[in-house]
Amino acid sequence: MSYAEHFQEMEKGIGFAHAIAEADRCLLCYDAPCSKACPAETDPAAFIRKLRLRNITGAIRTIKENNILGGACGVLCPTSKLCEKECSATGISRPIEIGNIQRFLVEYGWQIGFKVFEKPEARKEKVAVIGSGPAGLSCAAELAKEGYQVTVFAERSEPGGVIRFGVPAYRFDKRFLKNELQDLYELGVGFQCNTKIEGKVGAEKLLSEGYKAVFLSPGLWGAQRLIPGAENIRGVFTSGDFLVALREERFEELGKQINGKTVAVIGGGSVAMDCVESANKLGAKDVYLVYRRSFAQMPAEEDERLEALRLGVHFLVLNQPVDYLTDSSGKVSALKLIRTQLAEPDASDRRKPVEIKGSEWELQIDFVVEAIGQKPDETVDWSPAVKLDKKGLIVADPVTSQASGKLIFAGGDIVRGPALVVEAVQDGKVAARAIAKALSRS
Amino acid sequence: MTAKNIDLSVDFAGLKFKNPFLLSSSPVSNSAEMVAQSFEAGWGGVVYKTLASGRWPIVHPSPRMNPYHHGSTKMVGLQNVEQISDRSLKDNLLDILYLKKNYPDHPIVASIMGFSTEDWQYVAKAAEDNGADMLELNFSCPHMTIEGSGHKVGQAFALLEGFTEAVKKVVKIPVMAKMTPNITDITEPAVFAKKGGADAISAVNTFRGISEIGRDDWIPKPNIFGVGAESGYSGPAVKPIALHFIADMAKCKDLGLPLSGIGGIETWVDVLEYLLVGATTIQVTTGIIHYGYRIVEDMAEGLRDYMASKGINKVADLIGKALPNLQETDHFDLERQGRAEYNYDICIGCGQCYIVCNDAAGQALEWEAEKRRPKLIEDKCLSCMVCSFVCPVPGLITFKEMPKRWQRKETAVMDPSLVKELKYQRFEEVDLKR
């Protein structure tokens with residue numbers, strides 16, 4: 001059994017001719033709306049114009065100087081909700097494929113060996129970045145460009161955080177990430193992997209060891225659970241554990257539990273869609289997506305939902321999972337569900353599911369993935385060095401991203417809650433600017 | 001009138017063509033097999049690829065061509081170093097006989113080239129004796145590798161006249177002279193050809209051009225093993241210039257010969273424009289190199305439908321019909337003025353008009369940022385109309401004539417306060433309003 005081939009590479013991006021055709025279609029707007037729609041200040045109007053006028057290296061520079069993960073954002077960004085949503089070309093036909101062009105340009109730069117960055121003059125100040133996901137990488141790159149000595153501490157074996165271990169490889173692969181990280185290495189960013197920084201103690205220790213500032217961007221690696229004690233039931237995974245296992249290529253272990261079996265994934269977001277698709281690729285006989293509201297209320301992108309349907313995933317909507325049943329060995333054997341009905345909209349402005357009395361039923365299953373929400377890793381306590389809100393998220397200054405009187409800053413999902421890669425990138429940039437400002441003062 | 005009643009046939013220098021669409025002398029008319037395919041597709045005739053005596057060997061450079069792309073639009077221009085036919089005269093004549101036998105209603109024009117008076121006569125006679133219905137004298141190839149031939153002849157009027165005369169002496173079929181555009185006034189060589197006895201003029205051959213230069217090796221393309229050369233450039237990019245050459249000849253009172261128009265023709269609209277400035281037949285190569293012979297179907301169908309819509313049932317009624325409207329610029333009525341007119345209702349808010357008006361025109365637009373809409377300051381509009389050229393929405397920006405009393409605002413001096421400080425050099429001031 002070889003599952004590896006389903007989890008190696010993502011689809012190829014568009015090629016030169018396609019990118020040029022899209023650039024030709026671009027209306028090169030005045031005061032371009034696309035360039036105002038990016039959370040990370042990306043300027044598609046500039047890089048598309050540059051491509052149109054055959055200033056291709058300039059276009060690559062425009063992307064990468066602003067966003068060290070420009071390629072990743074080109075691949076992962078929900079562009080139809082951001083830049084492409086604002087595209088004027090929609091008025092005459094359809095939006096320009098901005099995300100595709102962005103990815104093309106970044107990859108083209110790798111292909112021709114174009115280097116955007118020169119190594120800056122070194123400064124002596126050291127900065128520690130905790131977490132190697134989009135926010136951490138972005139912050140590290142910005143500081144390294146200013147000459148600071150940056151070390152990124154990554155808990156797992158390789159840098160990348162959520163884009164290395166939290167999305168399936170067919171959506172974002174290792175090869176692409178490796179290329180994207182190359183600029184950080186060349187800017188002199190140091191990586192210390194397999195290093196978990198233990199909360200407050202760890203962060204303050206770094207400051208005492210000579211790091212002048214610390215940026216906290218550990219992401220959200222804890223999970224909401226369906227019931228207390230779910231972690232003790234064999235065959236019940238969190239989406240985080242499941243995706244990490246896939247990205248650690250533990251295919252044999254997963255295959256044994258999933259191939260030919262019945263799998264239930266609980267949740268209706270993008271992560272749930274990644275999980276059902278992955279279960280499908282691992283050869284599950286039946287994959288159920290269990291969701292308490294209906295199809296239209298799912299937070300996942302429409303194309304993700306449709307893709308899951310196309311793969312043959314059974315959408316079990318209007319069903320609230322309430323409990324697990326286990327067999328004599330302690331392994332999950334069934335999911336206990338209760339049917340729901342939609343009532344008036346709730347605080348999320350989506351119609352609220354209300355349980356239908358007496359409608360409990362049981363779905364026989366062999367394996368469950370809970371994709372019902374991520375939260376901070378509870379084994380790490382950042383307080384009282386930094387303030388936490390009631391969800392356990394770090395409270396940081398919205399302008400400077402500073403989280404403590406000492407030079408501790410924070411950004412990414414640990415501050416925002418679950419958010420987009422492009423938003424984390426922006427957090428990293430904002431924090432880096434504030435850190436550089438603080439360090440140049442001290 | 002329906003499209004079915006439209007007659008596309010033309011009489012050209014005494015020959016009847018079932019439609020005005022001809023292959024020009026080039027790779028697209030290299031052999032009977034190819035020409036037969038084109039006739040099946042609907043072409044009305046052929047100017048068969050230039051025959052020569054064979055006394056001077058013809059060797060083609062390799063590679064032969066290079067495109068000029070614009071953005072994602074392929075081949076708006078094409079450069080070639082193609083030579084005249086490298087096949088033996090005998091093979092070509094056998095092919096012409098084959099075409100005559102199998103397609104008797106498709107006139108065959110044999111393009112010929114000689115390298116001396118006697119050589120011209122030899123090829124001309126051979127072509128006539130073996131079925132050619134007409135000759136085209138190639139005075140215009142801009143990249144012959146044999147000295148003293150091609151467009152060098154087309155630029156030396158006495159030589160051109162002499163060779164035409166020599167050919168006319170030995171053949172009875174009509175003779176057409178093909179002009180080079182690599183010249184200032186095309187009517188001069190055309191009139192010399194007429195003096196030599198030419199029955200028709202075809203124009204234009206390709207323009208000397210440089211389509212591209214290698215960015216790594218600085219060798220112009222096509223790169224013939226380290227060497228590039230200025231050579232024949234053709235395609236849609238040259239059409240406006242070629243049309244002007246046809247119009248000039250059509251208007252030339254001393255000429256008065258039927259014209260075969262060549263240069264950048266791909267569509268029935270191109271054909272129509274050539275007819276309107278005075279061509280009776282048209283010839284195509286680059287369009288076929290780009291799309292294949294099949295384009296003739298759209299030329300014929302499109303032209304027929306157009307003629308039906310205009311109530312015109314024969315091509316002759318279109319020939320030269322734009323010429324009375326084509327004048328020197330001093331004929332313009334400058335009393336009548338207009339401006340751009342905007343239909344804001346269909347605007348999609350791209351703002352390209354605003355950029356060009358500000359950077360390249362009358363600075364007559366304001367930008368309403370919130371609404372993402374341009375706003376025309378009407379009396380500043382120069383009516384250059386460049387805004388309408390960049391506007392992606394058809395019909396949004398149109399030209400509107402204004403009443404006589406309408407006045408355009410003059411471009412303001414940037415800082416009139418400087419008048420006091422400036423010391424003018426002496427010059428005679430002219431009253432612009434006079």
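Trainee: How far apart do the C-alpha centres of domain 2 of chain A and domain 3 of chain A lie?

Mentor: The C-alpha centres of domain 2 and domain 3 of chain A lie 31 Å apart. Before going on, please note that this is a predicted model, in which local features need pLDDT of at least 70, side-chain atom pairs count only at pLDDT 80 or more, and totals for chains, interfaces and linings use all residues. Residues are numbered from 1 along each chain as its sequence is written, while chains are lettered from A and ligands numbered from 1 in the order in which they are written.

Chain A is divided into domain 1 (4-112), domain 2 (126-221 + 376-441) and domain 3 (223-373), with bounds that come from an automatic or database domain assignment. Where domain 2 and domain 3 of chain A meet, 8 residues of domain 2 are in contact with 7 residues of domain 3, a contact being two residues whose C-beta atoms, placed from the backbone, lie within 7 Å. On the domain 2 side, the touching residues divide into 5 nonpolar, 1 polar and 2 charged; here Ala, Val, Leu, Ile, Met, Phe, Trp, Tyr, Cys and Pro count as nonpolar, Asp, Glu, Lys and Arg as charged, and the others, Gly among them, as polar.

L216(A) touches, among others, I130(A), W382(A), I394(A) and F409(A), when residues up to four places away in sequence are not counted.

For chain A as a whole, there are 15 helices and 16 strands, which are DSSP runs numbered from the N terminus, helices being H or I of at least four residues and strands E of at least two. Its radius of gyration is 23 Å, close to the 22 Å that the globule rule gives for 442 residues, so chain A is as compact as a globular protein of that length; this radius is taken over C-alpha atoms, and the rule is 2.2 Å times the number of residues to the power 0.38. Buried residues make up 48% of the 442 residues in chain A.

Technical notes
A residue is buried if 20 or more other C-beta atoms lie within 10 Å of its own, exposed if 12 or fewer, and partly exposed in between; C-beta atoms are placed from the backbone.
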